[in-house]
Structure formats: structure tokens, C-alpha cells
Amino acid sequence: MDGACGGPASLRVLASGSRGNCSVLRVGSGKGARVALLDAGLSPRRTGEALREAGLSLASVTDIVFTHLDHDHCHPGWCSPNAAPNALTHVHRAHRGRAERMGLLYRRARVFDSTAIVEGAGGAAKFETVLASHDSLGVAVFRVKVQTGEGEAELGYATDLGHVPGAVVEHLRGVDALAIESNYCPALQEASDRPEFLKRRIMGGAGHLSNQQSAEAVARIAPKPGAPVVLLHLSEECNTPDAATAAHRASQGRLVISSQRSATPWTPIRTRASQIPKEVVVRPLQGVLWG
């Protein structure tokens with residue numbers, strides 16, 4: 001069991017890819033800690049298994065914050081109030097209609113516009129939000145300000161973007177840690193046997209970011225020196241960890257590669273990011289398989 005959470009605030013990607021996306025943000029420690037899922041694209045059962053590997057449980061989840069409600073980011077099992085019953089669900093107003101049709105709002109839920117608040121006695125997080133282009137309803141991009149005993153630190157969290165407009169760059173500029181999608185290698189995408197309409201959807205500016213687009217976005221966002229960069233949503237068919245790593249070679253901080261099949265280690269979110277060693281590639285933990 002990997003129970004070391006890496007400091008007062010830390011992020012762990014449980015799984016990320018087209019078959020399910022879910023990360024866990026832990027803020028604070030002890031009974032007052034907040035444990036927030038960022039998206040819930042795995043079934044509650046599989047999420048519970050992954051949380052146990054991290055020394056947590058479904059009962060410890062206090063919040064679920066959705067970027068959007070595509071099936072790989074919101075598994076239908078979470079529409080049941082019995083799934084993580086202690087958790088407050090946060091849905092952007094742009095996705096309210098879809099959430100109502102899905103039955104997601106039968107849970108204890110809060111609809112937010114520009115800010116979602118996660119707070120408890122041991123720590124708090126403010127999800128400052130801009131809406132970016134993705135399919136028809138868009139996707140919420142978060143600048144998460146976490147409050148702990150060490151002070152305030154900021155996490156950028158962006159996935160399913162298609163392209164990165166200036167408003168998103170400014171929203172995330174200078175964060176202490178950044179999680180951003182790096183979905184596909186263009187050469188592998190073009191060579192794949194996927195239908196042409198799907199390739200155009202992915203590559204057409206409202207689908208996903210290529211490795212090169214992601215690396216360019218990281219350079220424009222300019223996280224703090226030494227800030228960890230977590231790559232999300234790598235395609236199993238049209239990307240590889242080596243291709244993503246090569247595109248992000250210029251990254252100045254620790255590079256963490258997420259996976260569909262195993263969880264990443266905990267990534268600390270702290271203001272003194274410059275103390276984290278540079279040019280270290282961290283692959284997902286071994287032995288946590290999603291069959």
C-alpha cells in the first residue's frame with residue numbers, strides 16, 4: 001500500500017485515458033482533510049480499489065469535482081447517492097442539463113459558475129474555473145488554490161482541450177504544479193485504423209491535445225521553476241509514454257506520466273517547487289492493473 005501522500009496537498013492520478021479518468025486531490029491531514037476526486041470516470045468499485053492502494057477509501061472522499069460529463073470522466077455508477085455517500089458533487093453550470101438527464105443531481109450536489117469551493121477543518125481548495133472548447137458543452141479548466149498549514153499553493157488542471165486559447169494560458173500561468181493532457185502523437189493518429197471522422201474530431205481543435213500542442217501549452221503557461229508536470233489522458237492506441245516524454249523534453253520540472261492501467265505516485269503541490277529535482281520522468285506505479 002502506498003499511503004505516503006507527499007505533503008499537506010498532493011495529487012495522484014488513479015487512471016487516465018479513454019476508458020476512464022479519475023484523479024484524487026488530498027488537502028490537509030487527519031480527520032479534517034479533504035479528499036476530492038477530479039472526475040470520476042472509473043466505476044465506484046474500481047475507484048474504491050485504487051483508493052485503497054493509496055491508503056484511502058470511498059468513505060473518505062469528501063468531494064467530486066467534474067471537468068465535464070463525457071462517459072470517460074463520469075461513470076454512470078456515480079449517479080447513485082450510495083457511491084461515496086459522504087461526497088459533495090460539484091458540476092459546472094454549463095453541464096447542469098446533462099447532469100440532470102443523467103440523474104447525477106440526485107446526489108448531494110452543487111452547481112458552480114466560476115468557482116467551486118472544497119473546504120474543511122484541515123484544509124481547503126478553491127477551484128477557479130474557465131470554460132474551454134470541447135465538443136458541444138465545453139470543459140472546465142481549474143486553477144486550484146489549496147490552503148494548508150504551509151500556506152497557499154496552486155495546481156493547474158486541464159484535460160480534453162482540443163486547443164489552448166490565451167484565456168486558458170493566462171488562467172494557469174505560473175502554477176506550482178500542472179496536470180495537462182498530452183493525448184496523441186500525430187503520426188500515430190494518422191496511421192491508425194480509426195475512422196476518419198474520429199481522427200478529425202480528435203485533431204480538429206475541440207477534441208484533444210497532441211504531445212506537441214501540450215508541450216507548447218506548458219511552455220506558454222510557464223509553471224514555477226521546478227514545478228511538476230503531470231501528463232494526462234495518453235491514448236493507448238495513438239501515443240506512447242516515450243513519445244510524450246520526448247515532446248516534453250524541455251520541461252523544467254519533474255515529469256509524471258499517467259496511465260490508463262496504473263496509478264501515478266503522489267505528486268506534492270507546494271510553493272517551494274524549485275526544490276524538486278529537474279528532468280526526472282516518473283512512470284505509473286506497477287502492479288495496479290485495470291484489466
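Colleague: In this predicted model, how far apart are Glu49 and Arg45 in helix H1?

Modeller: Side chains of opposite charge can pair when their charged atoms come close. Glu49 and Arg45 are four residues apart in helix H1, which spans residues 44-53, so about one helical turn separates them. Their side chains meet in a salt bridge, with 2.8 Å from N to O.

Colleague: Which residue forms a salt bridge with Glu154?

Modeller: The partner of Glu154 is Arg143, and their closest N and O atoms are 2.6 Å apart. Glu154 belongs to strand S10 (residues 151-158) and Arg143 to strand S9 (residues 139-148), so this pair ties together parts that lie eleven residues apart in sequence. Glu154 counts as buried, at 12% relative accessibility, and Arg143 is buried too, with a relative accessible area of 10%. Salt bridges that share partners join Glu154 and Arg143 with Glu128 and Lys145 into one network.

Colleague: Where in the chain do Arg194 and Glu237 lie?

Modeller: The side chains of Arg194 and Glu237 meet in a salt bridge, 3.2 Å from N to O. Arg194 sits in the loop between helix H4 (186-191) and helix H5 (196-203), whereas Glu237 sits in the loop between strand S12 (229-232) and helix H7 (241-247), and the pair links these distant parts of the chain, 43 residues apart. Arg194 counts as buried, at 15% relative accessibility, but Glu237 counts as exposed, at 55%.

Colleague: How many salt bridges does the count come to?

Modeller: The count comes to 15 salt bridges.

Conventions. Residues numbered from 1 in each chain as written. Predicted model: local features only at pLDDT ≥ 70, side-chain atom pairs only at ≥ 80, totals over all residues. Heavy atoms only, no water. Salt bridge = Lys/Arg side-chain N within 4 Å of Asp/Glu carboxyl O. Helix = DSSP H or I, 4+ residues; strand = E, 2+ residues; numbered from the N terminus. Buried < 20%, exposed > 50% of the residue type's maximum accessible area, 1.4 Å probe, protein only.
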